[in-house]
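Visitor: I have a model open and would like to go through how its parts pack. Can we start with a pair of helices?

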Amino acid sequence: MTLSISKDTRLCMSLSGRPGNFGTRFQNYLYRELQLDYLYKAFTTTDLPAAIGGIRALGVRGCAVSMPFKEACIEYLDALHESAATLQSVNTIVADDGHLTGYNTDYSAVVRLLKQHGVPEDSRYALRGSGGMAKAVACALRDSGFSDGCIVARNEPAGRALAAQCGVGWCETQDDQPAQLLVNVTPLGMRGADAEQLAFDERAVAAAHWVFDVVAVPVETPLIRLARALGKPVITGGEVIVLQAVEQFVLYTGVRPDAELIERAARFALTE
């Protein structure tokens, strides 16, 4: 797929510690199909203040933000939308004449998916993770009516803080109390060193009623494969990444694609 570039082309980008291809493929596919003069590129950085300064100085329209920059970028922005202010976590930056506003489209995606999949609000959950994305998921659970749960995190200060924010407990490793909903919000299951690791053991998965893994690449993580093999309903990271990316696209362009085009763009982006 090729995109033509002109002097009027608007640049969008992403910042991630481990850049992937999804955002680039998804956003550029939509730009092409809708004939929008935009271009999207993925970057990483070891100098976050300079990278954020570059967004402002170079007229970049928008920037997706992934681990480990979702919280660290906040001090370099001019404003936070309530979606990011409540969480103190940003996954999207929008620039308007050099004024940078942080948003969080992960939160709204998770709220929508919990409702779409019909996960009962009285389900006890175990959420593994304590970073920026974990905040978005935990707060989405809280605001969707889930009040019984545990944050499973090796980082005790971050884990306890997130647990307190959501009114649930913290544990370093999963406790013995069964959880009806298991949620992985760590890199376990991603490609690379963590590719074959399970976020929850088989006993926990067998006892669960629902399994939710936010890892999007690959969509079929070891945890999702195990859950499917045991006949458990799943929510995948592929679903999350598509929904949140659509909202980013709307923030950047002001255009909302129809459902059929979104589905085609998602198939293209998730098939390497």
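Visitor: What is the handedness of the crossing where α5 passes α6?
Guide: In this predicted model, α5 passes α6 in a right-handed crossing. A crossing is right-handed if the near helix is turned clockwise from the far one by less than a right angle, and left-handed if anticlockwise. Helices are DSSP runs (H or I, at least four residues) and strands are too (E, at least two), numbered from the N terminus.

Visitor: At what angle do α5 and α6 pack?
Guide: About 25°, with the axes 9 Å apart; α5 covers residues 132–143 and α6 residues 156–166. The axes are lines fitted to C-alpha atoms over the stretch in contact, and angles run from 0 to 180 degrees between N-to-C directions. The two helices are therefore roughly parallel to each other. Under 35 degrees counts as roughly parallel, over 145 as roughly antiparallel, 65 to 115 as roughly perpendicular, and the rest as oblique.

Visitor: Which residues meet there, in α5 and α6?
Guide: Ala134, Lys135, Ala138, Cys139 and Arg142 in α5 meet Leu162, Gln165 and Cys166 in α6, where contact means heavy atoms within 4.5 Å. By class, that contact of α5 with α6 has 5 nonpolar, 1 polar and 2 charged residues. Nonpolar here covers Ala, Val, Leu, Ile, Met, Phe, Trp, Tyr, Cys and Pro; charged covers Asp, Glu, Lys and Arg; the others, Gly among them, are polar.

Visitor: Before we move on, how are residues numbered, and what is counted?
Guide: Numbering starts from 1 along each chain as its sequence is written, and side-chain values use heavy atoms, with hydrogens and water left out. As this is a predicted model, local features need pLDDT of at least 70 and side-chain atom pairs count only at pLDDT 80 or more, while totals for chains, interfaces and linings use all residues.

Visitor: Fine. What about α4 and α9, how do they cross?
Guide: Helix α4 (residues 105–116) and helix α9 (residues 237–253) cross at roughly 130°, and their axes come within 8 Å. That makes α4 oblique to α9. Among the residues that meet are Ala109 and Leu113 in α4, and Val240 and Leu243 in α9.

Visitor: What are the domains in the domain assignment?
Guide: The assignment gives domain 1 (10–103 + 239–270) and domain 2 (108–235); such bounds come from an automatic or database domain assignment. The domain centres, taken over C-alpha atoms, are separated by 24 Å.

Visitor: How much area do domain 1 and domain 2 bury between them?
Guide: About 1500 Å², with 66% of it on carbon and sulfur atoms. Buried area is the accessible area (1.4 Å probe) that two parts lose on being put together, summed over both. In domain 1, Leu87, Val240 and Leu243 lose the most area to domain 2, together 35% of what that side buries.

Visitor: New topic. Where is methionine 190?
Guide: Methionine 190 is in the loop between β10 (181–184) and α7 (202–207). Leaving out residues up to four places away in sequence, methionine 190 touches Arg18, Met67, Ala195, Val215, Val217 and Pro218.
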